[in-house]
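Please walk me through this structure, from single residues up to the whole fold. Plain running text will do.

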Amino acid sequence: MEQEILHGIENSVRPISIAAVLSVIGYFVSMRFIPPVMQILFDRNIYGIDINKTTVETRQQFSKARKSGAEFSDTFKKLVVPESLGIVVGGIYLCAVLLALILAGVPLTKANGAVTTIAVMLLLGFVDDVLDVRWRYKLILSVFGAMPLIMGYEGALSVAVPIPLRDYIGSAFLYIGPLYLVYLVAVCVFCTNSINILAGVNGVEVGQSLVIGIASLVYNLVQLRHVDDQTTTEQHRVAIVLLLPFIGVSFALWKFNRYPSRVFVGDSYTYFAGTVLAVAGITAVYSKTLLLLFIPQIINFVISLPQLFHIIECPRHRVPRWIPERNVLTNSRNGTILNALLMVFGDMHERRLTNVVIVFQIVCSVLAFYIRYVLAGLVFERVV
Ligand code: UD1
Ligand code: MG
C-alpha cells in the first residue's frame, strides 16, 4: 500500500511540473496580449465606465455622449475602461490546459467534459458582455453548460452520513443517485453566478478567484499525498492541471484589473473563473470543501436574495456609492457583502475595500481547511 501511494505521487510530479510551466507561459502570453486587445475592444465599443469613480450626473452625460456617437471628451476618455478581457485570458487558458493535458499524458477522455464545460461558459460570458443576456436565460444556459461535465462524472453518487445520524439512516453511506447529479449542476451554476455578483469594485473579481484557486490547488496537493487508489489520484491530478494555468492567467489579469483598473474583466471572466473552480471541485470530488471555500460568496448570495427575487427593488448596479469629496466608498443600501463590510468597518477607499474582501477570503480559506481537516473528524471517522 505504502509503495502504491508513493507511486501515485511520483507519477504526479511530471504532469504537475508541465502544468506549472504552462501556468508561467500562460501568465507571460496574457501579459503580452492584454494591451493590444484592450485597444481593439475599445475600438469595437466594448467598454464600461468606472462607476466607483464617477457621479450619477457624469454617468448620465456619458450615456448621452455614447448614444450620440460623437468623439469622447478627454474627461470621458479617462473614465472608460475596456471590458471583457476574460475572453483573452480564457482563450489562452484553454490552449494552456489542452497542451498540459496532452504533454502530461493525462487521457483526454478524463478531462473532456471539464474542458467543454469551461469553454461553453466562457463563451456564454462573452455573449453576455456583448448582448446583455437576461438573468433567466443565463441560468438556463449555464445548466446546459454544466452538462458535458456531469455526463462524464465518475465520482460517487452517495453521501457519507455523519456518525450521530447513522442510527436513524441505518448506514454509513446514503445513495442518492441522480439527485447527486442535480446537486452537482447546482454547484456549477452557483459558483459561476456567485463570483459574478461579488463584483463591481476594482480587482475584486480576480482577487477572490485567485484566492479560491490557490486554496483549491493546495487542497488537491495535500490530498494527493493521502489518497491511496489510482482513480482518486488521477482525479486530483486532473484538477491540478486545470487549476495551475488558471492561476497563471489570472495573475496577469490581476495586474491590469487591480486599482485603478486599466481593464474590466467582464462576465466572460467571472463565468470562466467560477466554472474552472467548480469543475476542478467536481472532477476531484470535493464539492463540499469547495463550498466551504465559497463562504464569502455564500454570504453575499444570501444577503442578495431579497433583491435577486425582487422582494425589494434591484437596480442594475448594486455597487457601493462613491463620495467624491472624500474619495471613499460608502454603503449604497443594496444587499451585498461589499456594503456589509463598509457598514462594519466604515467608509473606505476602493483599493482598501478590495483588500478587505481578499483578506476575508483568505481567512475563510483557512477556516475551510480547519473545518475540513479538524472539525469533520468529530462526525466522520476518516478525514483524509
Ligand atoms: C453584477 C451585479 C451588479 C454589479 C455588477 C458589477 C447583481 C445581481 N449584479 O451585474 O449589481 O453592479 O455585477 O460588475 O449583483 N464596474 C466598475 N468597476 C469595476 C468592475 C465593474 O465600475 O471594478 C462596472 C463597469 O461599468 C462595468 C460593469 O460594472 O462595465 C460590468 O457590469 P456587469 O458585469 O455587466 O454586471 P452584471 O454581471 O450583470
Ligand atoms: Mg458581471
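Is Ile-118 buried or exposed? Ile-118 is buried, with a relative accessible area of 0%. The model is a predicted one, and the values that follow are computed from its atoms. Ile-118 sits in helix 5. Setting aside neighbours within four places in sequence, its contacts are Tyr-93, Leu-94, Leu-242, Phe-272, Thr-275, Val-276 and Val-279. Pro-245 lies 127 residues from Ile-118 along the chain, and the C-alpha atoms of the two are separated by 13 Å.

Helix 5 covers residues 108-131, and a loop joins it to helix 6 (135-151). Asp-132 is found in that loop. Its phi is near 50°, a positive value in a residue other than glycine. In contrast to Ile-118, which is buried, Asp-132 is exposed, with a relative accessible area of 53%.

Ser-84 belongs to another loop, the one between strand 2 (80-82) and helix 4 (86-104). At 0% relative accessibility, Ser-84 counts as buried. The side chain of Ser-84 makes a polar contact with the side chain of Asp-129, at 2.6 Å. Leaving out residues up to four places away in sequence, Ser-84 touches Leu-41, Ile-46, Phe-126, Asp-129, Phe-264, Val-265, Gly-266 and Ser-268.

A further loop connects helix 1 (2-43) with strand 1 (47-49), and Asn-45 is placed there. Asn-45 has a phi near 65°, again positive in a residue other than glycine. At 48% relative accessibility, Asn-45 counts as partly exposed, because the exposed class begins over 50%. As background, most residues other than glycine have a negative phi, and most peptide bonds are trans.

The peptide bond from Tyr-259 to Pro-260 is cis, with omega near -10°. Pro-260 is in the loop between helix 10 and helix 11.

Helix 10 runs through residues 230-257. At 1.5 Å a residue, its 28 residues should span 40 Å, and its end C-alpha atoms are 40 Å apart, which agrees. Of these 28 residues, 23 are buried, so helix 10 is largely enclosed by the rest of the structure. Its N-terminal end is capped by Asp-229, which has a side-chain oxygen 3.3 Å from the backbone nitrogen of Thr-231.

Helix 9 (residues 204-226) has 23 residues. From its first C-alpha to its last it reaches 33 Å, close to the 33 Å expected at 1.5 Å a residue.

Thr-354 is part of helix 15 (residues 350-373). With a relative accessible area of 2%, Thr-354 is buried, because buried means under 20%. Among residues beyond four places away in sequence, Thr-354 touches Val-201, Asn-202, Gly-203 and Val-204. Val-204 is numbered within helix 9, which covers residues 204-226.

The last step is the protein as a whole. How many helices and strands does the protein have? There are 15 helices and six strands. With 384 residues, a compact globule would have a radius of gyration near 21 Å; the protein has 22 Å, which agrees. Taken along the principal axes, its C-alpha atoms fill a box of roughly 70 × 45 × 35 Å.

Buried residues account for 50% of the 384 residues. Among contacts between residues at least 6 apart in sequence, 73% join residues at least 24 apart. The protein exposes about 18500 Å², and carbon and sulfur atoms supply 65% of that area.

Definitions and conventions:
Residues are numbered from 1 along each chain as its sequence is written. Chains are lettered from A and ligands numbered from 1 in the order in which they are written. This is a predicted model: local features need pLDDT of at least 70, side-chain atom pairs count only at pLDDT 80 or more; totals for chains, interfaces and linings use all residues. Side-chain values use heavy atoms; hydrogens and water are left out. Helices (H or I, at least four residues) and strands (E, at least two) are DSSP runs, numbered from the N terminus. The expected span of a helix is 1.5 Å times one less than its number of residues. Buried means under 20% relative accessible area, exposed over 50%, partly exposed in between (1.4 Å probe, protein chains only). A polar contact is a pair of N or O atoms within 3.5 Å; within protein, one must be able to donate a hydrogen and the other to accept it, and residues adjacent in sequence count only if both atoms are side-chain atoms. The radius of gyration is taken over C-alpha atoms; the globule rule is 2.2 Å times the number of residues to the power 0.38. Contact means heavy atoms within 4.5 Å. Accessible areas come from the Shrake-Rupley method with a 1.4 Å probe; for residues, only the protein chains shown count as cover.
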